[in-house]
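Biologist: I have the model open and would like to go through its packing with you. Could we begin with a residue and work outwards?

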Amino acid sequence: MNITLRVWRQQNADTPGAMQTYQVADVSPDMSFLEMLDVLNEQLTLAGDDPIAFDSDCREGICGMCGLVINGLAHGPNELVTTCQLHMRSFSDGDVIDVEPWRAQPFSVIKDLVVDRSSFDRIIQAGGFISAPTGTAPDAHAAPVPKADADAAFDAATCIGCGACVAACPNGSASLFVAAKITHLGLLPQGQPERDSRALDMLAQHDEEGFGGCTQIGECTAACPKGIQIDLISRMQRDVLGALSHRR
């Protein structure tokens, strides 16, 4: 396969960026999208040019580090797939592919396709934890959890914090990310002592970071590579309202 890439190049957050065009020849359909970028970077390095900066880590779809807007879609054209697991067989010989970074006010560009997602870390620090000492793994019957709650908590816990929900949202909202983290712990017995403060503090940090409000458009869940559902946002809002009522 021969591919034409139009890649966003930007030195840092303070300098303007622009799309630059590259030709990549003999691309194997079995390559992942990131492996194809590795090949391009090797070509650029051998030619004495600056390689394209992009994020990656596990390349197994579980760490949340990778994240590119490919032809206008977060993580590319395939549903429930991260960029690292997107393969070039999803494209055709001769395709022209646009590659851009996540675009949201709190995600400033560090370089090229790498954005600063430390705002997510600060939201977690605001309340995405439990203070109960857990120690070693308890016996399974020590803290009984209804099967439906355990399943729902597990589904919420699959959020990898990649930020695709923010990149896809017209409002730049991170509500799906925050809702997943609040729901995960709010459904478990260990998460009850801080349930109210968690909901209020994490949402307040979300707003402080500059993320937009949620209008339930649903682009977030459509782009989520882990299939997190939008009903978790409603659950988060109920937790916030409950926490406010308890303060009275």
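Predicted model: local features only at pLDDT ≥ 70, side-chain atom pairs only at ≥ 80, totals over all residues.

Biologist: Which residues have the most contacts inside the largest nonpolar core?

Modeller: Phe107 and Val166 do, in a core of 36 residues. Two or more residues of this core come from each of helix H2 (118-127), helix H4 (164-168), H5, H6, H7 and H8.

Biologist: Which element gives the largest share of this core?

Modeller: H5 does, with 6 residues. There is also a second, separate core of 27 residues, and Met31, Leu37, Leu44 and Ile70 are included in it.

Biologist: Let us stay with H5. How many of its residues are buried?

Modeller: The count is 11 of 12, so H5 is largely enclosed by the rest of the structure. The buried residues are Ser175, Leu176, Phe177, Val178, Ala179, Ala180, Lys181, Ile182, Thr183, Leu185 and Gly186.

Biologist: Against which helices do those buried residues pack?

Modeller: They pack against H2, H3, H4, H6, H7 and H8.

Biologist: And what do the end C-alpha atoms of H5 say about its span?

Modeller: They are 16 Å apart, which agrees with the 16 Å that its 12 residues should span at 1.5 Å a residue.

Biologist: Now the pairings. At what angle do H5 and H6 pack?

Modeller: The angle is about 165°, and the axes are 10 Å apart. H5 is therefore roughly antiparallel to H6, the cut-off for that term being over 145 degrees. The crossing of H5 past H6 is right-handed.

Biologist: Which residues make the contact?

Modeller: From H5 they are Ser175, Val178, Lys181, Ile182, Leu185 and Gly186, and from H6 they are Arg195, Arg198, Ala199, Met202 and His206.

Biologist: What about the angle between H5 and H8?

Modeller: H5 and H8 pack at about 65°, with 8 Å between their axes. These two helices are therefore roughly perpendicular to each other, and their crossing is left-handed.

Biologist: Which residues meet there?

Modeller: On the H5 side, they are Ser175, Leu176, Val178, Ala179, Ala180, Ile182, Thr183 and Gly186. On the H8 side, they are Leu232, Ile233, Arg235, Met236 and Asp239.

Biologist: How many residues does H8 have, and how far does it reach?

Modeller: H8 covers residues 231-247, which is 17 residues, and its first and last C-alpha atoms are 25 Å apart, close to the expected 24 Å.

Biologist: Which residues of H8 are buried?

Modeller: Leu232, Ile233, Arg235, Met236, Asp239, Val240, Gly242 and Ala243 are. The buried residues of H8 pack against helix H3 (147-157), helix H5 (175-186), helix H6 (195-208) and helix H7 (219-223).

Biologist: Back to H2 for a moment. Where is Ile124, and what does it contact?

Modeller: Ile124 is in helix H2. Apart from neighbours within four places in sequence, Ile124 is in contact with Phe129, Phe177, Lys181 and Met202. The C-alpha atoms of Ile124 and Ile182 are separated by 9.5 Å, with the two residues 58 apart along the chain. Ile124 is partly exposed, at a relative accessible area of 27%.

Biologist: A change of topic: backbone angles. What is the phi of Leu80?

Modeller: Leu80 has a positive phi of about 55°, although Leu80 is not a glycine. Leu80 lies in the loop between strand S4 (73-74) and strand S5 (96-100).

Biologist: Is Leu80 buried or exposed?

Modeller: Leu80 is exposed, with 57% relative accessible area.

Biologist: And what about the phi of Gln216?

Modeller: Gln216 also has a positive phi, near 55°, and is a residue other than glycine. Gln216 is found in the loop between H6 and H7 and counts as partly exposed at 36% relative accessibility.

Biologist: Finally, the overall picture. How many helices and strands are there?

Modeller: The secondary structure comes to 8 helices and 7 strands. The C-alpha atoms fill a box of roughly 65 × 40 × 35 Å along the principal axes.

Biologist: What percentage of the residues is buried?

Modeller: Buried residues make up 44% of the 248 in the protein. Of the contacts between residues at least 6 apart in sequence, 67% join residues at least 24 apart.

How values were computed. Residues numbered from 1 in each chain as written. Heavy atoms only, no water. Helix = DSSP H or I, 4+ residues; strand = E, 2+ residues; numbered from the N terminus. Expected span 1.5 Å × (residues − 1). Buried < 20%, exposed > 50% of the residue type's maximum accessible area, 1.4 Å probe, protein only. Contact = heavy atoms within 4.5 Å. Core = buried A, V, L, I, M, F, W, Y, C linked by side-chain atoms within 4.5 Å. Axes fitted to C-alpha atoms, helices over the stretch in contact; angles between N-to-C directions. Parallel < 35°, antiparallel > 145°, perpendicular 65-115°, else oblique. Left-handed = near helix turned anticlockwise from the far one by under 90°.
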